[in-house]
Amino acid sequence: MAGLNIGGILPVKTLSDLTAQEQASDSASAYKPVVDGLAGHVRSCWQTARAAKMRTVEPRLLQAVRQRRGEYDPDVLQEIKKTGGSEIYMLLTSNKCRAASSWLRDVLLGVRNEKPWSIAPTPIPDLPEDTKQQAIDEATMEAQQLLMGGLPLTQADVFDIAKRVKAKTLALVREEAIATAERMELKMEDQLLEGGFNTAFSEFLDDIVTFPAAILKGPVVRKRKHLSWGFDANGGRTMEPTDQLSLEWERVDPFMVYPSPGSADVDDGFFIERHKLKRRDLTAMRGVDGYSTEKIDAVLRDYGKGGLRDWLTIDTQKAEAEGRDTATIMQNPDGEIDALQFWGSVQGKHLVDWGLPEADVEDPLADYPCEVWLIGEHVIKAMVNPDPLGRIPYYKCSFEEIPGAFWGNAIPDLVRDAQSVCNAAARAIVNNMGISSGPQVVVNVDRLPAGEDLTNMYPWKVWQVQSDPLGATDKAIGFETPPSIAGELMQIYERFSVLADEYSGIPRYMTGDSPGGGAGRTASGMSMLMQNAGKTIKQVISQIDSNILKPLVERLYFYNMRYDEDTDLKGDVNIVAQGANALVVKDAAQVRRNEFLQLALNSPVVQQIVGMEGIAHLLREGAKVLDMDTEKIVPSEETVRFKSMQQQAMMAQQAAMQSQMPQQGAQQNMGSGQQLEDGTEVTDNFQPTQRV
């Protein structure tokens, strides 16, 4: 079979076409047959995954795009045009998707200082060997001091000393672990912010409510140019671009991923991401570790001949569904090159023959988790996955997960039937209102004089008619008004609109619409409705926590533990994804926090217990949700602690001075022996001091 013509529009090369082209190539590379074998393996996986996705998932992706944009599928629109009438499309799905994504952003992104994750030390931090030895030495020294003091020690006393020293050591280690975790969390937050995580995560939230699956990727190490300050020959400041390695996160288009047909997750079977590269992207890859400069040069030469455009029908269909110009896709004005990034198992022999060092491949016959980049027939990169567990830097989640399936359900899938009925009802309403807005005219043309204009009707028009030759009394012109059934059709629309609320779990009052009577009439009733609606979105957030945030943050943590040279950041921690928890307790926790703060401020006993540091911590936590700079409002812990120590020192000094004043007064009152009438002794403060 020489080739496929999918949809009669775009030719797609088959595996046999690529093999014939590779055999006809005039390349004289010594390892060319082996590279062809590696390329053939990736190409075979690509053909299998693409065929499966084209049959099952791609129609759903296109439907989701059209449904959210408010457009009919081509076949449905064709049937509507056959019967004529209105082509109105009710934006029910679009409204649900916007409400859901806004709800998710409000919970997961929150205000400036909030984030949907955190790290904390493990409940029992690991004790370093030197710390264990110090604890043993301290316990031994304490026991020896007691023995030297003449106190007898029983076995129970020795156990008590050991327990006390152990508890003290664990407290110190845990305090240090908390400080280490805070430093690591601050660094990771900075890495995510500079790496574009917030933008990628916001786009991911739009995908998860729209498509059967949403994919996030990162961290990806890329070489980027940054502006840095330097000095010129005269000592002046200059700004120069420098190349730096950056960690980046990005949203992956669901149209561009091709998982293994039988996989349930990104790490289950092979996974392929399709890229559209420009010539400058390939040029920047030359000389980078893991990439073959020779193969990249071959790609650049072949692309100049126009032989590396692997067009797919889905490109044109996607552009049409998104309302973009399809002619631009065909012309390729930006000079894009299709590339496949393959993640999966590859036999070690292929890797060694491609050029990978034998030290990285222990068994040539074993399979290794690898990353392979394929462009046309050229493998420009092949390397063993650097992750120790063989995981790939992709994370997948669905609005509604289907166990055992990669692609789940999104809001367009859940409300598609209700959307179709609402569209049909809306079209019928518009058509009925149009036909019932005026009368239908019945004319007996035999009784009209010749040349009478039937289409020219206006008020007070005089119609000339002829008598009926048969003597009938029927009117020459009659008017019939079709009945209006818009009310019944509106009831149908409202009913299925309510069903869309139930199917999606996104009720209309989440976007500000009144729920009508019943519980929605009171504030407490509305709060109850909001909490019940939150149960559905809480499940989605819980899935995002477990499938996206926790593994993503864990991967960044292990990256820092493995490659960062700062020992102050390294410690044993737990990753906590708190998105779902935030939905339930965020508002309630703030209320309880304010109540406790009022108790601490109004109760002297509580103030003595928690101290200034505790009150400052409460104020700091309360100010975070106000989207303020807490450092400018509440001093840091070190400042509060220093001021507290100063205050304690001043109080101690004042107490000491007050205790000395009565003694000085007593000494001054001693001396004359004279008394007043009431018996009070007279003190002479002006007599000279006696020398001893």
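The entries cover the sheet, then the helix pair.

I worked on a predicted model, where local features need pLDDT of at least 70, side-chain atom pairs count only at pLDDT 80 or more, and totals for chains, interfaces and linings use all residues. Residues are numbered from 1 along each chain as its sequence is written, and side-chain values use heavy atoms, with hydrogens and water left out.

Sheet. I took helices (H or I, at least four residues) and strands (E, at least two) as DSSP runs numbered from the N terminus, and counted two strands as paired if DSSP finds at least two bridges between them. I found an open sheet of 5 strands, antiparallel in its pairing, in the order β6-β7-β8-β9-β10. The edges are β6 (257-259) and β10 (378-384); each has a single partner strand, so one side of each lacks a neighbour in the sheet. From one strand to the next the twist averages 20 degrees, with axes fitted to C-alpha atoms (for helices over the stretch in contact) and angles from 0 to 180 degrees between N-to-C directions. I then checked β8 (residues 337-347) against β9 (residues 367-375): they run antiparallel and are joined by 8 bridges. Leu 340 has Leu 374 of β9 opposite.

Helix pair. I looked up α15 (residues 416-436) and α16 (residues 486-504), which pack at about 160 degrees with axes 9 Å apart. They are therefore roughly antiparallel (angles over 145 degrees). Contact (heavy atoms within 4.5 Å) involves residues including Val 421 and Ile 429 of α15 and Leu 489 and Phe 496 of α16.

Technical notes. Parallel < 35°, antiparallel > 145°, perpendicular 65-115°, else oblique.
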